[in-house]
Amino acid sequence: MSGPDRQSDPAAHRVQFLLDGKQVSLDDVDPTRTVLQYLREDLRRTGTKEGCAEGDCGACTVVLAEPHGAELRLRAINSCIQFLPTLHGKQLITVESLAGADGTLHPVQRAMLDCHGSQCGFCTPGIVMSLFALFKAQTGANRRDIDVALAGNLCRCTGYRPIVEAAGAMYQYAADNEQPDRGWMHRAGPAGDAEERALCRQLQALDGKASLALRSGERRYFAPRDIDTLAQLVSEHPQACILAGGTDVGLWVTKQYRELPTLIYVGEVAELRTVDERDDWLDIGAGVTLSDALVPIVAHYPAYEALFLRFASPPIRNAGTLGGNIANGSPIGDTMPALITLGTRLMLRKGGATRELALEDFYLAYQKTALQPGEFVSRIRIPLPSPGRAVRSYKISKRFDQDISAVCGAFSVELDGERVRDIRIAYGGLAATPKRAIACEQALLSRDWNEASVQGAMAALDRDYSPITDMRASDAYRRKVSKNLLYRFFLETSGATDGKSVYDWR
Amino acid sequence: MTGADHPGAWPKGGVGQALPHDSGHLHVTGGALYTDDIPEPRGLLHVAIGVSAKPHARLARVDLEPVREAPGVVAVLTADDIPGSNNFGPVLADDPIFAADEVQYVGQSMFAVAAQTVDQARRAARLARIDYTPLPAILDPEEALRQQSFVLPSASIRRGDSKAALRKAAHRLQGRLRLGGQDQFYLEGQIAMAVPQEDGDMLVYSSTQHPGEVQHKVAHALGKQAKDVVVECRRMGGAFGGKESQPALFACIAALVAQLTGRAAKLRLDRDDDMIVTGKRHDFVIRYDVGFDAVGRIEGIEFEYAARCGMSADLSGAVNDRTMFHCDNAYYLDNVTIVSHRCKTHTVSNTAFRGFGGPQGMFAIEYVIDEIARYLHVDPLDVRKTNFYGIGERNVTPYQQTVEDNILHDIVARLEADAEYAQRRDAINAFNAAGTLHKRGIALTPVKFGISFTATHLNQAGALLHVYTNGTVHLNHGGTEMGQGLFTKVAQVVAGELQIDIERIKITASDTSKVPNASATAASSGSDLNGKAAQAAARTIKDRLREFAAGHFEIAPEAVAFRRNEVQIGATRSIPFTELVNLAFFARVSLSATGFYRTPKIHYDRKTFSGRPFYYYAYGAAVAEVLIDTLTGEYRVLRVDILHDCGQSLNPAIDLGQVEGGFIQGMGWLTAEELWWNEQGELKTHAPSTYKIPVSSDVPIDFRVQLLESAANREETVYRSKAVGEPPLMLALSVFHALKDAVASVEDHALSPHLDAPATPEAVLNAIDALRARSAAKPERHTG
């Protein structure tokens, strides 16, 4: 195998992608330049806006098209925190790309205009792009689909009602057969037609086979294609920053102005992008996006659907990875408590060696993990459901959508008759790391699953955690609500309530 | 009345039509140019500011050498580099552009750095070495009140004898409320670009609601005159009051850099800096003391408002005056004392935000009304109605203005019926009695909002209209476009007046060199003022054309009529508008005119707080229904019904957008939008990751908004329309009171819960737990 530094293919030093159907080839790309900076500053293509530079407002939303097997797949992402080299082999679609060559508005644009979906107009390009992604993902949408699609787009003027209306109406505009055909982008749903397949082939050719390796001044960027090369690169550059979706690393650059001299991008590593179902495990590659990883998890554990729908926003889930979410070591990652209670294990790779570690043992202290220099998370193994086990996870935040939790609690119980045979409880937001509630579990294990023992376990939570007060919640509320979440779990599993949350009311 | 004067008649795009926003097609295609999108002049420098890390401190040592030496840096500016006045304060000179010796809040501007790129400037700004000598900091309005720390003198309004009325009243309640502030969170952050012109003149592109003020502040800072500075703004990406006084700081800094370096300079704030550096809606501590009779009629009331103004006066004087003017909301207060303290704290200087103090005034009286109802065990809606301003009696406000246009009774009656308030109240009681973890609540709250700037002299506007020889029109006026659709509405007025299709009218950027001395586009007054001014300009031109046509065609001026791109010449002949314009041109008739308007009838004496500060009132009402989770305090707004008064709407689609958008913004203020400072005086909610404005899924599942029909303004406003920018925000008080109602149901409405705003899930759960504790401590319930 030829090492990434010894690439002879010149294309491997050039970022290549499509924009408006035209091939763009960039030499000497600064690896930490964002797609938004490239659009606004280099191309003077100013339709895409910066509202926050942290992926939380959606004004910068663009859509990436890329081959997914033989099909074309479109995903909305936040261009403000997406690094430019990650466009390699993809088609970049911006708000300027949508109208027909003759200026005919795209159905999304037409609907937004006719429904009075813009006031100041600054969020509008991002909203148009999120709705465009929805338009191409399905052939019709209900209010819930629309809310999910717009969870990452803030509008301060309209109150959203006309935007929601436009999202419903856009399909009618597309169905207007009087209009001449204006190409695949104007046809609703994943058409999978000849035009889209041709685009797929074009992108595959553009992508090439060589690993991308860039150097710009002191900054370096590697995008290996296979896990062995990745392992080798990480060993050779133990100080390198491993880049997956960039939904956190992007902020190190845009907000913290950190220097990242070496980036190793894992998004092209084939082995990290697979989801396998083994006998007892759901085996998820660390480079699988949250959007793709959450689907099989929810398929096995429907109780987590709401939790995962509330995980950040579609653009963040489309870019961010489950591996990144885990490896980043945030005290409040919303997937961790659930995954810990399921008994999730991590595969950690270093050089040629792989070791296995329980997720709950991965977190050592605030933003400190068990990863050694040169080591990376390669796979996440989530046990499949076992009969008789009830699981739930509840998230508490000020806002339902796209908020970081004040407290996130996860619960797993197995009963033997009335008796608790196995119990696993973990919380995020109560300590410096996501952490199991050992005292609380002890108060329940081998006891009867009833009001009295649960009340005792609620009290025991005070021995497990000493939460802090911050902008998300007071310590008192965190204590109180974490206990009440356990109580809710008890009520739901004992049939006292139907498990409907306030957000389920329609 | 001719057809030409009738709203909603011809031409295409005339008054009353639901046209889309004039820039809608540009918004959806990315073609609309905001300040940061304007092509940059050659050699443009990018500017970043260095800000204070301490709430109150002397600057013992400021070492900017590392900043100067950073890559790409071209210039570093401090207070010493300001040739003119080091102040951008709109009223008092207490807002330094660069703090020189002392800093008074975390985020206060101390210096600026100009570099080749945005990234270089921002990185360099972080390299300053500052030694602070800490001074005592007041971080809370309550503490400021204790220390009598004020930015402006306290003010009061007294009518009748509240003390005596309170003593005599059958029932009396007292309380203390905390009401949070709010960040404007316009999607486009603060920005200015200054471009040096010949002879030391300066052109500034500023995202501002008040180009005229930016012009003056920039001139003062540069040591120039107003004539030397031109400020332009085509549109803002949202403003909401946050771009009334605040943009002057950034425009001054960009202009100072441009003057010093001779190069164009742009200052665009990062979102976090924007939220840390700029002012917000004032948060309040409010005390009340109310006396009332057996049916809840208020006999005497005292309010004490303490507002967090921050470190300087900014617009806090007028904001707090408006709080005082709106502590009645829809209710007649006979014996009343209102005291307002303008507290000085070592936090960012708070400023204008949609409603401008009015929402906080209303919050207090609505809370009091709710308390009275719960004390008497009657429906709060009944107590509201009992206290409504009367028609012909009980109709004088505490500031001595007679409420002449009261339509509250009608609006509330219609909404109550349409929303099936009584039936739903019963259904909710039944649901709550079933005893699940979830509880429902409902509330109907009214809004009466005074329209006009309370500073009378600001109620004036100018417009400039050119008609070109091909019959197309250039329209300019002193108003600014921030998304509210002002430019569209004013163009509709001109289209209606000249009877030409709106496509013939070019709407142009606000520009201090076209219309001078314009007030801020604020106080909901944009269409009222600028619509009238543009109408006056159009009428001047129309009169000239009419007079010319009468002479040219030898008919009476009355026989000339403008109708849908045509001009009727007598009974039988009609010529295209363009043709008449062309004839007039060759006859040397001026085709350019200015228009001017000043609001009639208003007068007001600030010393006595009496007079007629408001030309008229805008009204509305809302019913909200919510569901809460009693284990967590989480909630969801299930249904909202709104009936709002826009007079005879100039554009029903735009007005509906203002009502819906204002309501949702108000809902954010009272629910999830929480500003949180730590004990070091640092704002920790300074980005969308930590400060949560509503998203799509927060919009009520069932959202029914209607504009009141056939509701012509009783005053002679432009086409009898009413202002609509601010009033709907306060309709969101219905959501807050529905939440309070749901909490009260936890103890079967036996006691009144205490709920602070914003009502986050934490606040709701705290209210539930406190209520349960009180109920447990007091087993003998009051049964009214």
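User: How many helices and strands does the secondary structure of chain B come to?

Analyst: This is a predicted model, and the counts are computed from it. The secondary structure of chain B comes to 19 helices and 29 strands.

User: What radius of gyration does chain B have, and why is chain B called as compact as a globular protein of its length?

Analyst: The C-alpha atoms of chain B fill a box of roughly 90 × 75 × 50 Å along the principal axes. For 784 residues the globule rule gives 28 Å, and the value for chain B is close to that, so chain B is as compact as a globular protein of that length. Its radius of gyration is 27 Å.

User: What percentage of the residues in chain B are buried?

Analyst: A residue counts as buried if 20 or more other C-beta atoms lie within 10 Å of its own. Of the 784 residues in chain B, the buried share is 63%.

User: Which residues have the most contacts inside the largest nonpolar core?

Analyst: In soluble globular proteins, nonpolar side chains tend to be buried together. Here the largest nonpolar core has 364 residues, and helix H7 (residues 247-261) of chain B gives the most to it, with 12 residues. Beyond its neighbours within four places in sequence, Val113(B) is in contact with residues including Val47(B), Val67(B) and Ala121(B). The residues with the most contacts inside this core are Val113(B) and Ala254(B).

User: Which helix supplies the largest share of the side of chain B that touches chain A?

Analyst: The contact takes 71 residues from chain B and 66 residues from chain A. Several elements of chain B each supply at least two residues, among them helix H1 (24-29), strand S27 (616-629) and helix H17 (652-670). The largest share is 7 residues, and it comes from H17(B).

User: How many of the 19 residues of H17(B) are buried?

Analyst: H17(B) reaches 27 Å from its first C-alpha to its last, close to the 27 Å expected at 1.5 Å a residue. The helix is largely enclosed by the rest of the structure, because its buried residues number 17 of the 19.

User: How many residues of domain 1 of chain A are in contact with domain 2 of chain A?

Analyst: The domain assignment of chain A places domain 1 at 16-207 and domain 2 at 212-265. Their C-alpha centres lie 27 Å apart. On the side of domain 1 that touches domain 2, the residues divide into 7 nonpolar, 6 polar and 3 charged. Domain 2 brings 17 residues to this contact, and domain 1 brings 16 residues.

Notes. Residues numbered from 1 in each chain as written. Chains lettered and ligands numbered in written order. Predicted model: local features only at pLDDT ≥ 70, side-chain atom pairs only at ≥ 80, totals over all residues. Contact = placed C-beta atoms within 7 Å. Helix = DSSP H or I, 4+ residues; strand = E, 2+ residues; numbered from the N terminus. Domains from an automatic or database assignment. Nonpolar A, V, L, I, M, F, W, Y, C, P; charged D, E, K, R; others polar. Core = buried A, V, L, I, M, F, W, Y, C linked by C-beta atoms within 7 Å. Buried ≥ 20, exposed ≤ 12 C-beta atoms within 10 Å, placed from the backbone. Expected span 1.5 Å × (residues − 1). Rg over C-alpha atoms; globule rule 2.2 N^0.38 Å.
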